[in-house]
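Please read them alongside the sequence and the coordinates.

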Amino acid sequence: MKSLFYWILLVPIHLFAQSVPDQKFVQEVVKIYSSKDGFLDGKVTLITLENNRPVALVAGKLMHCVDGKWFPLANNKTGAQTGIPVMQGKKILAAVPYRNGYAIGCEEGLFFLKNDQNFERIFPKNEHYSWSLRNVAALVTDSKGRLWFGSEEGVGYLDGSNWKLFTGKEGLPYNQFTCAAAGPDGIVWFGTRKGAIQIDNEQFKYRFSRRWLLGDHVYSIAIQADNGTAWIGTDQGISQIVRQSISLEQKARIFTKQVEERHNRMGFVAQSHLKEQFNVASSEVAISDNDGMYTSMYGAAQAFRYAATGDPEAKALADRSFKACKWLVDITHEKGFPARVIIPVDWPEKVNETHSREDNLSNQQHDPMWKDIYPRFPKSKDGKYYWKCDTSSDELAGHFFFYGIYYDLVAKTDEEKQAVRDVVGDITDHLIRHGYKLVDHDGKVTRWGDFSPEYFNSVYGYDQRGLNSAVMLSFLNVARHVTGDKKYDAEAKILRDKYNYHINAMHPKEFFPPENVVPWDNNICLMSLYGLINYETDPSLLLMYRQGLEVAWQHISKQKNAFWDAIYAALANRFTQQADQKMFENKGLFPENRLYASKVVKGHYKGNYRADFILENLQKIPLDLVGYTMDNTHRLDVVFDSSPMQEKNIGWRTDGYALPIDERGHVRQDRDGFALLASEGDGHDEHEGTFFLLPYYMAYYHGLLGSGDAR
């Protein structure tokens with residue numbers, strides 16, 4: 001009966017309700033042109049379309065593009081607009097034909113010129129704003145006949161006799177305009193001194209930094225009417241932004257191929273290093289500090305994929321990931337201690353010279369708790385490999401998250417299931433044997449591997465009390481579920497009854513001070529809560545853990561992170577099902593406060609999430625996963641976090657949510673979405689497609705993807 005209960009909980013909701021959406025959506029893809037394509041280096045002051053092909057004026061010379069290659073143009077004339085009127089004593093910044101005359105922008109404002117040669121100054125006004133415009137440097141008429149302008153006050157359009165006006169409050173990111181162009185379906189582009197802005201159905205997309213443009217100062221934009229492709233001329237060269245039609249499944253295949261071709265090192269998955277900045281063709285495999293976690297996440301993605309689709313490739317990749325993670329455990333000095341990394345002894349980097357004792361002492365200058373251990377990369381017993389020690393809670397959270405999912409969804413044979421039981425039992429027994437600590441080859445606890453009550457009650461570990469209590473209880477729940485050994489329930493009971501770990505777990509995330517609020521703790525927390533809650537059967541504990549889930553969620557719910565959203569949504573929906581099954585109506589729950597159970601059920605019956613945000617994030621993750629530096633601190637549409645002790649580069653959009661992932665300086669789903677100034681390798685690293693694959697297949701498996709409009 002108990003196994004049937006677990007089977008019901010683990011059957012994917014989509015089998016009963018919905019399938020993954022295969023609708024096409026628009027994925028913007030960038031092509032940067034350089035001398036390799038025949039393009040001249042220099043400032044692109046003008047770009048136009050002739051016969052639907054771009055013609056660019058660069059360094060005073062005309063060039064045109066044919067099949068992705070650029071060639072000099074013998075004819076030194078372009079189809080640029082002529083006949084623009086002259087305003088006496090005023091410098092015209094922009095002009096477009098409009099209503100049998102012209103709309104003219106200049107430093108003094110916006111003017112209409114009619115057939116009678118009378119200039120009429122225009123003052124845009126609506127229910128929110130009344131503007132006397134200055135520096136109207138961009139004008140364009142869109143495909144719907146609306147006149148758009150860009151000025152220091154903001155942007156706006158005239159539709160008939162009605163004005164619609166936008167500032168930072170309405171989503172405008174920047175206001176130093178240089179040009180404008182119109183595309184199909186009412187889409188408008190504005191060039192600025194720092195990037196380009198696309199407006200589609202009154203939604204703003206900000207395209208700047210090397211992720212989108214060669215240079216940020218935009219001089220000219222041309223849009224192809226047939227497909228909306230944007231050609232953007234900047235101070236450093238030209239970018240082509242293509243609107244590509246794609247589905248989530250197609251995107252997933254692209255990222256699986258990317259991981260397999262450039263991010264698979266002996267079965268371990270991590271970012272790759274680019275020998276040439278920004279050039280993925282120069283990619284070489286690299287090691288991270290958390291190969292165990294990132295390989296676990298890739299394995300979990302493939303496990304969910306296998307459960308959702310039955311694809312045999314997914315099972316093979318999940319099997320390989322499991323064997324790699326188990327190898328991390330089997331190679332070390334003591335049974336149950338997982339390494340961070342494994343590399344062959346001929347690895348080109350001299351890791352133990354880089355991580356020397358002198359380096360340890362240097363790190364202790366800014367982090368007194370940094371562990372002085374040497375070698376940081378001990379040699380394996382067979383002498384063929386080095387493995388990295390000082391393993392952290394990140395690694396363990398990844399391992400246990402993956403092992404439970406792999407055991408339930410992928411492992412089929414007795415041999416496969418026994419392998420999971422062995423590794424989970426080994427790690428958990430190591431922790432118990434050492435007083436809930438991860439103990440290194442020097443006989444001492446690792447820097448971030450202490451889950452003991454003594455640590456939580458110390459001046460050094462008090463701030464980890466809630467998180468690490470939830471994490472340790474999760475490990476024990478996963479171990480009991482996988483192995484079936486009730487000794488892990490007995491250990492969990494000791495931690496609850498004697499040390500109140502379950503109460504600590506009701507506050508699993510720190511919110512203040514800012515130095516304690518690190519984004520990777522969100523990963524550790526939510527990945528651990530997934531195992532803690534999914535494998536818990538005690539209704540009183542489930543009520544407490546549901547409160548803990550909501551506490552953790554409140555801190556990250558505005559970040560539009562598909563992975564964190566998917567974990568929360570899956571667990572919240574499970575709680576809803578349990579409440580519907582009357583699991584919490586036992587009158588004996590919490591007799592000292594008989595209202596507690598009903599209050600939690602009522603307050604948390606429905607999850608506080610939006611499935612459309614999961615879909616939005618998945619769609620917006622760029623196909624290009626190179627890490628670029630992006631500085632959003634100049635934006636008009638952000639609100640800076642004014643909390644005491646907070647860094648100056650933390651903030652969010654005026655709607656209260658983090659900037660879209662394709663406008664942030666990171667693509668990984670384990671970073672702070674509120675970081676306005678961020679870099680993920682400054683073009684020297686490409687990141688693995690796991691950060692799309694895991695939330696996508698997890699959301700697919702749990703039935704969290706809607707089937708509505710996927711634009």
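**Notes on the predicted model**

1. Alanine 181 has tryptophan 189 of strand 15 standing opposite it. This pair belongs to a predicted model, as does everything below, and it falls where strand 14 (residues 177-182) and strand 15 pair in the antiparallel sense over five bridges. The hairpin of these two strands has five residues between them, and within that hairpin aspartate 185 takes a positive phi near 60°.

2. On its other pairing, strand 15 is joined by five bridges to strand 16 (residues 195-200), again with the strands running antiparallel.

3. Is strand 15 (residues 188-192) covered on one face or on both? Five of its five residues are buried, and in a regular strand the side chains alternate between the two faces of the sheet. Here Val188, Phe190 and Thr192 are buried on one side, while Trp189 and Gly191 are buried on the other, so that both faces are covered.

4. A separate open sheet is formed by four strands in the order 6-7-8-9, with antiparallel pairing. Its edges are strand 6 (92-97) and strand 9 (119-122), each of which pairs on one side only, and neighbouring strands of the sheet are turned by 25° against each other on average, direction ignored. Strand 8 (residues 109-113) pairs with strand 9 in the antiparallel sense over four bridges, and leucine 110 has isoleucine 122 as its bridge partner in strand 9.

5. The largest nonpolar core contains 128 residues, of which Tyr403, Leu529 and Leu543 touch the most other members. Helix 15 (residues 562-580) contributes the largest share of this core, with twelve residues. Apart from this core lies another, of 19 residues, among them Val140, Val155, Ala180 and Met630. If residues up to four places away in sequence are not counted, tyrosine 403 touches Phe322, Cys325, Lys326, Val329, Val420, Val423, Val424 and Ile427.

6. Helix 18 is mostly covered, with twelve of its twelve residues buried, including Phe691, Phe692, Tyr696, Tyr697, Tyr700 and Tyr701. Glycine 703, which follows helix 18, has a positive phi near 70°.

7. How many disulfides does a search of the whole structure find? The search finds zero. The sulfur of cysteine 106 is 18 Å from the closest cysteine sulfur, that of cysteine 179, and is therefore too far away for a bond; cysteine 106 itself counts as buried, at 0% relative accessibility. For cysteine 389 the closest cysteine sulfur is in cysteine 325, at 18 Å, which is also too far for a bond, and cysteine 389 is buried with a relative accessible area of 0%.

Notes: Residues are numbered from 1 along each chain as its sequence is written. This is a predicted model: local features need pLDDT of at least 70, side-chain atom pairs count only at pLDDT 80 or more; totals for chains, interfaces and linings use all residues. Side-chain values use heavy atoms; hydrogens and water are left out. Buried means under 20% relative accessible area, exposed over 50%, partly exposed in between (1.4 Å probe, protein chains only). Two strands pair if DSSP finds at least two bridges between them. A nonpolar core is a set of buried Ala, Val, Leu, Ile, Met, Phe, Trp, Tyr and Cys residues joined through side-chain atoms within 4.5 Å. Contact means heavy atoms within 4.5 Å. A disulfide is a pair of cysteine sulfur atoms within 2.5 Å. Axes are lines fitted to C-alpha atoms, for helices over the stretch in contact, and angles run from 0 to 180 degrees between N-to-C directions.
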